Amino acid sequence: MSRIGVFVCHCGENISRTVDVERVAGEAAQLPGVAYSCDYKYMCSDPGQNLLKKALAEHNLDGVLVAACSPRMHEKTFRKAAQSAGLNPYLCDMGNIREHCSWVHEDREAATAKASDIVKLMVERVKRGKALAPITVPVTKRALVIGGGIAGIQAALDIADAGKEVILVEREPSIGGHMAQLSETFPTLDCSQCIMTPKMVDVANHPNITLYTYAEIEKVDGYIGNFQVTIRRKARSVVEDKCTGCGVCTSKCPKKKIPNEFDQNLGMRSAIYVPFPQAVPNTPVIDRENCTMFQSGKCGVCAKVCGPQAIDYEQQDTLVVEAVGAVVVATGFKLYSIDRKPEESPIKGYGEFGYGLIPDVIDGLTFERLASASGPTGGKILRPSDGKEPRQVVFIQCVGSRAREKGISYCSKICCMYTAKHTMLYRHKVHDGQAYVFYMDARTPGKGYDEFWRRAVEVEDAVYIRGMVSRLYQRDGKIVVMGSDTLVGVQVEIEADLVVLATAVQAQDGADLLAQKLGISYDKYNFYSEAHAKLKPVECATAGIYLAGACQGPKDIPDTVSQASAAAAKVITLFSKDQLERDPVVAKVNEKYCVGCLQCKKVCPYGAVEEKEIRDRQGNLVKVVANVNAGVCGGCGTCQATCPSKSVELDGYTDEQIMAMIEAL
Amino acid sequence: MKNKLMHLSNETINLDFVNKVEKLSGSSVRRCMQCGKCSAGCPMATFMEHPPNRIVRLLQLGQGKRILAGRSIWYCASCETCTTRCPNTVNLAAIMDALRKLSWDADGPSKESYVQLANRLFIENIRTYGRQYEMRLGAVFNLRSGRLLKDFLLGPKLISRGKLKVFHQKNRNLDEIEAIFSRIEEMRKKGEAL
Amino acid sequence: MTPKKLKNYSYYPGCSLHASGREYDISTRALFKALNIGLKEVPDWFCCGATPAHNVDELLSLSLCAKNLVLAEEVEGDLAVACAACFSRLKTTQHHLKVDDEKRAQVEKAIAGPATIAKPVKHILEILVRDLGLAKLEESVKKPLFGLKVACYYGCLLTRPPEVPELDDCEDPSIMEDLLRALGAEPVSWSHRMECCGANFTLSRPDVVLHLSDAILRSAQAAGADCVMVACPLCHGNLDIRQEAIENRSQEKYDLPIFYITQLAALAMGVDDDKLGFDSVIVDPRPMLMDKELI
């Protein structure tokens, strides 16, 4: 006969408000196999845990059921307490009478009856529980960082500085990301390139960092501590080891009129190009779609002029496999593109702003390039249509953001601050120019941020108008802005020379596909989901994978760098152990009954099932059975439900336990 | 005027006017964040077509004309509640004074004839008598405003209680008072004062 | 031979105290006499300009007050002011001339001489509660105002804007309540102590005054006050003279006597009630005072 202890928690009033906890404890005492039961105000508190420990010793209990909140909340707490009192932690279980009962019911009588039922069936489970031991797996102390913007750079440098190896993978030909495109950064107006390029060079020179640019993640296998990552290195057509970065090829390339993506298509580049002068690595890449040699086979100028003979037109994509123990995802963001057709975007609308039909309606990143000293205009604010200096510039915030029906529901977070910065940059460059900003709210919750915005208004003379713009149209070389000032309650009309739209921050293209490869979850906007919004903001629910920067949600540079360092700290913590302990709730195959149909392999979402050959002593193949890799198994139980011969069982959730629970009802 | 489309440009934003207001009041209009606390506590806001915060907003947009086209500024009671509670030290009471002065100088484009008339009579009284001659103030106001019967029943009550004096002594130093008025006029003529 | 005074003050009564607020003047003089404090009127003082002057012409307002401050120099002692509006204008002038050299230069040109702003300008409340002191005041009480529930009405200008009157906390003053407690009366806690009564709209737009003063009387009555105590002739006028009109407008019966601080203080000091100008006011306080056995 079992000796189970049942502990019913009030959770303050969270449970006791709806459930008669005393009655539940009283009824539990009557259950066969229950040797002790009680109720307590806060079981998770120190006195609550002591109560549990004391009861374990005094009543010689061989199993514990805590009827309280979700096991996600406190299973660890109570198992630890039970363990310290000498019980195998896996013989301690929780019955959820809060989320599953008191929080969702109003009728006290019915809720109490349900709570008693939950206790009744969980007691049956605990009775049939098995003592389990944690599983240990080795850790590969190398990290993969995906994305070479400021987030990826920071995370890579922090991990590498801690003495661990890092593989940094960047999709573009150079690292640097969006931050490399910015002119000056809020709230201190320091030059982005000046603070960014030293970090880029550090990455290139760091002995612990292996840098793959122009490369993408092809496949991710394995599990925490033991990932195998396949990386596709796209054909650069330039051999990195040979290239000296002299730049002759780019200057001699006859195809020079290709819009430069780095300059938001304002400037031009050649077909063989380095995206920007400070690029790391300083190795060119051939844009095959625009290269005459690739399109018609007639040119080859770059190969002819290249001294070290680094040009290789025959180069193919190569696949590299790296073993790593942890992954930091830092793939960043993109801006909602105003020349995009709405069917290709979650943002439906904004035809009223021209969909890119009006050349002098640009987005914030384009304005950054105009204001950047290394940009296409050498830092002069000139409008794209005629290269004239705009006298009146109108900035419109929340284009796509905070527009549930037309766009996206979230706030893009960085626009208020960068728009304030833009008005200053404009005023610094065009002294008698006037900046107007249409805004719904000025959201500036950061250190020195509100002061920065107020400076734009009070010192730099930006006229802020609280209200949205209805429509933009062209008239006599100007853009007519039809807006409203909701503070005055009037319609406002401004004839602008240039209009800058603070378009929504969105997840990077392909973010969903990468998430599927990594097995991490993402929200409906393709931003990656953290394990817990407050308490696990850098971890993914998938163990061993961490998040940094705007791939998780819109973030400015300080927040991005903080999160990147936090993710690095998590990786370093993981690498501080040689072996990892894992929850032993994993599937086990009964090889005697397994017929090797491998249905389980098909349904396993973790790829944990392998084939195993069973041979006799002479080495003859007896049969093939399924085998579960305990390190990879996520304990979901899908195999158990699928197995036709009932030869797979999940420890802690055996068929016997489940059937007993059902029968108890 | 109140709801008319507002064209904003360097030409339509009258910063000259705003600078005068800032100079006269000694208070910045740009500091205002439009929180609306001034309007929230203004005892007179219900009588105004532009509540106090909107007056500042219009100044921020250089729209002095719109302000003076309305009569809101004349309904300010100078109670100083706005100034006292402003979280950003915008001295709205002083801004209201400045706006009334600018309207007054422009010969009252902002019309609230009763309040303006009362102010005018009050100041005239100082110049003529030195001290307020309340009986005359009330009587002339009623006469000039055409509201002859205003407080008709109150007059005799006040006279019988000695609260309104029918006869009033002029100050002995009236010439000194007159000199102050005329020196200020002189200074303004010479552009030595706003 | 009059006995030696405790202290001497120069006195700026202001226009209202010579006319519609005469009982404020009468009771102030009576109170000071009873407390043996000297009070000498500034010769040839003239109007401070009040709200109408600063409303449209700040320079004029400052100049008028500056000249009055010069005249006050001729009489010994800090300048005692009873009217809250005069007090506010004189203090505002001192404040501006102290912090703004440009304004000061303009004002000195207008009054053709140096502006003297050193003489402390003190409201009667300040003189009673601070200069004389609550202990001394309590000691001097001959007929404590026991059982009298009073709503202390500060109005706008005694406390606002805080850097000008320097009299008390601008959102939670207590100087009037402190005074009343010393007199034996019971100040009530109420909501409209510092709301505007409509002030000088009394001449141009009495409808505004009725609207605002109604709220004040209503709040005082709801708090259980027997009467309202004020420190400003304009507030007094709006709450007392217009009380009947307010009652007609709102169909409420207030019947709240409005006292000046000096009337109640003098009453407590044992001054005869027929020397306090109670016959001058519209809402006669005497029946209520008799009822409370205070007269």
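Two axes at an angle under 35 degrees count as roughly parallel, over 145 as roughly antiparallel, 65 to 115 as roughly perpendicular, and anything else is oblique. Keep that handy for the first exercise, and remember that this is a predicted model.

**Exercise 1. Work out how helices α6 and α7 of chain A are set against each other, and which residues meet there.**

Step 1: find the helices. α6(A) covers residues 150-161 and α7(A) covers residues 192-205.

Step 2: look at the axes. They come within 10 Å and cross at roughly 50°.

Step 3: apply the cut-offs. An angle of 65 to 115 degrees would be roughly perpendicular, and one under 35 roughly parallel. The pair α6(A) and α7(A) is therefore oblique.

Step 4: get the hand. The crossing of α6(A) past α7(A) is left-handed.

Step 5: list who meets whom. From α6(A) come A:I150, A:I153, A:A156 and A:L157, and they meet A:M196, A:K199, A:M200, A:D202 and A:V203 of α7(A). Sorted by class, this contact has 7 nonpolar residues, 2 charged ones and no polar ones.

**Exercise 2. Describe the hairpin made by β24 and β25 of chain A.**

Step 1: locate the strands. β24(A) is residues 469-475, and β25(A) is residues 478-485.

Step 2: check the pairing. The two strands run antiparallel, with 6 bridges between them. One residue to look for is A:L472, which sits opposite A:V481.

Step 3: inspect the turn. There are 2 residues between the strands, and A:D476 has a positive phi near 50°.

**Exercise 3. Read the order of the open sheet in chain C and find its edges.**

Step 1: write down the order. The 4 strands go β6-β5-β7-β8, and their pairing is parallel.

Step 2: pick the edges. These are β6 (186-187) and β8 (258-260) of chain C; each has a single partner strand, so one side of each has no neighbour in the sheet.

Step 3: zoom in on one pair. β5(C), residues 149-152, is joined to β6(C) by 2 bridges. C:K149 has C:E186 in β6(C) as its bridge partner.

**Exercise 4. Find which of the touching chain pairs has the most contacts, and see what chain B brings to it.**

Step 1: sort the pairs. Of the 2 pairs of chains that touch, B and C have the most contacts. Chains A and C do not touch, and their nearest C-alpha atoms are 23 Å apart.

Step 2: count the residues. Chain B supplies 49 residues and chain C supplies 48 residues.

Step 3: look at the chain B elements. Those giving two or more residues are α5 (81-85), α6 (92-105), α7 (113-129), α8 (134-145), α9 (154-160) and α10 (174-189) of chain B. α7(B) gives the most, with 8 residues.

Step 4: sort by class. The chain B side that touches chain C has 24 nonpolar, 12 polar and 13 charged residues.

Definitions and conventions. Residues are numbered from 1 along each chain as its sequence is written. Chains are lettered from A and ligands numbered from 1 in the order in which they are written. This is a predicted model: local features need pLDDT of at least 70, side-chain atom pairs count only at pLDDT 80 or more; totals for chains, interfaces and linings use all residues. Two residues are in contact if their C-beta atoms, placed from the backbone, lie within 7 Å. Ala, Val, Leu, Ile, Met, Phe, Trp, Tyr, Cys and Pro count as nonpolar, Asp, Glu, Lys and Arg as charged, and the others, Gly among them, as polar. Axes are lines fitted to C-alpha atoms, for helices over the stretch in contact, and angles run from 0 to 180 degrees between N-to-C directions. A crossing is left-handed if the near helix is turned anticlockwise from the far one by less than a right angle, and right-handed if clockwise. Two strands pair if DSSP finds at least two bridges between them.
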